[in-house]
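Welcome! Have a look at the structure first, then try each task before reading on.

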Amino acid sequence: TVNSTGSEIRIPLSVGIAGHVAATGEQVIIYDAYSDARFDNSVDKRTGFTTRNMMCVPLSVRKGVIIGVVQLINKTETGVLKGGDCLKEKCTPSSVQEDGELISESFSFEDLRFLQVFASQAATAIVQSGTLDQRQKSPDDELQAKERCCEQSETECVRNSNSEDMTKFLRAESHASAGPLDVVVGIASGEMLAKHDSNDESAEESMKTAPSIRRRKRLPCLPRDCLTSHVARATCQLEVMSEAVKSWHFDAFEFAAMTDNQPLNRFFNFLCESFGLFDSMCIDPKKVSRFISEVENGYHDSNPYHNRTHASSVLHSMHALLEHVIAHTDEADSTLEQMRLACWIAAAVHDYDHLGVTNDYLVHSKHERAVMYNDRHVNEQHHAAQAFALMQRAECNFLDVVLPSSAFSRLRRLTIELVLATDMADHGRIMKSFTTVLDTRCGEAGAGVGASAIVHATREESSHLLQIAMKAADLGHLSNDWSTHFRWVDCLEREFFAQGDQERALGMPLSFLMDRNKPGPPQTQVGFY
């Protein structure tokens, strides 16, 4: 238990705001706790704490199963989000102090949205961490798990949300939930608060008479520092991703460090959750996580440039282009959702299992991949083929039962087209096709192509536009701030020089820009980079 009293706080499942949310799944903002009939003040009486206001949302997993709730108590001037003021028309009557005036230190609907996304991430973290499965383990196993979890003090993670110590928050491998669990995680005046509830009075009585059953039925209490660190990591990652989905800028290096080198899995799942694809397309989050985790692990960390951090950067750039330029619309459209998902998948897998060398190197060195793909789009063919081969595995195929055969074929075709478009050998052809489409559209409309033009375009026109977007996303770091962009250029130069070293060792002619004894991209490609 983690709370300001230092002891465990228990409340019946059916009591209070937390009990109401757990039972109904309703998301609530309480502006004046003591004027709400659902509020239970027994904990305040026992602890001396005074609850003024709160937010509470359910922790839900697959198929709407509620495993607990998360609540925030007593908003301060600095949290949750700055300036959380509330207008009269958005507040309950009891929350309005004077007609037309703003009410300070009240939770807002923007705060509620933040908590909703956080609750989703927290529920996923609980399931993926295996915490629920720990109820099936012996007491000795639970004790060892606690000791391992708290080997290092992570109090500093709470004080400094930008610390690179906030890592290893989420695990890539999913774990199935063993059953319902009542957990409340809240913030009271800046302190983390956790309440582990019993299911009901009869269950609690049976636990007293059967200690071994009690251990299996209840979530092991996490030590204060451990749970606080998990929440701090979740909050930090959530803030970075929430800002990234609204911005052109994304520091993938920083995010990779923050997620223990799992930036692709974290961001891909966040996009699916943020855009509601898990629900609207009935996609299994665990299969998505397993697929993207396998893809991420297939990126070679030995590559300075073509690695998982680059993949997450391209994924963000592709999302930004879709959201801010190409397909921004408030209309729910299954075709648009499938297109968006295909673009995300293409961005995630576009350099899957890249060897850190160019197509020309693979062809000239007679590499087995060049033989396999007949010297054409060797890298890109391999990335796409291996990604879909991976998706054929039952545990990774998150599209097997959610898309009709025709829809899956369209998604697969578009994904492959986008991956192949990253081969610069086809740059001239793709640009010519896109220019033709653009000129035609502009001529018909008498103006530039609108933001929602892709919704009304033909399949061929959509493909051309998205191929251009994919090519731009592949070089998306050009839109980052200078220091982040230059870091990417340095990574590219190191990978180029490593290929040049291999070419020299094999007695092959050294490729352009890959001779470390000559100026590299930063010195000779100023106009491009």
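**Exercise 1: a serine and its surroundings**

Ser 313 touches Phe 250, Ala 252 and Trp 488, leaving out residues up to four places away in sequence; contact means heavy atoms within 4.5 Å. This is a predicted model, where local features need pLDDT of at least 70 and side-chain atom pairs count only at pLDDT 80 or more, while totals for chains, interfaces and linings use all residues. Residues are numbered from 1 along each chain as its sequence is written, and side-chain values use heavy atoms, with hydrogens and water left out.

Task: Find where Ser 313 lies, and decide whether Ser 313 counts as buried or exposed.

Solution: 
- Step 1. Ser 313 belongs to helix 13, residues 308-326. Helices (H or I, at least four residues) and strands (E, at least two) are DSSP runs, numbered from the N terminus.
- Step 2. Buried means under 20% relative accessible area, exposed over 50%, and partly exposed in between (1.4 Å probe, protein chains only).
- Step 3. Ser 313 has 5% relative accessibility, so it counts as buried.

**Exercise 2: a methionine in helix 21**

Task: Work out which residues Met 470 is in contact with, leaving aside neighbours within four places in sequence.

Solution: 
- Step 1. Locate Met 470 in helix 21. Its relative accessible area is 0%, so Met 470 is buried.
- Step 2. List the contacts of Met 470: Val 314, Met 318, Ala 346, Ala 347, His 350, Leu 418 and Thr 422.
- Step 3. Now look at Leu 315: Met 470 and Leu 315 are 155 residues apart in sequence, and their C-alpha atoms are 9.4 Å apart in space.
- Step 4. Turn to helix 21 itself: 12 of its 16 residues are buried, so helix 21 is largely enclosed by the rest of the structure.

**Exercise 3: two helices that meet**

Task: Describe how helix 18 and helix 21 are placed: what is the angle at which their axes cross?

Solution: 
- Step 1. The axes of helix 18 (residues 405-420) and helix 21 (residues 459-474) cross at roughly 40° and come within 9 Å. Axes are lines fitted to C-alpha atoms, for helices over the stretch in contact, and angles run from 0 to 180 degrees between N-to-C directions.
- Step 2. Angles under 35 degrees count as roughly parallel, over 145 as roughly antiparallel, 65 to 115 as roughly perpendicular and the rest as oblique. Helix 18 and helix 21 are therefore oblique to each other.
- Step 3. Name the partners: Arg 413, Leu 414, Glu 417 and Leu 418 of helix 18 meet Arg 459, Ser 463, Leu 466, Gln 467 and Met 470 of helix 21.
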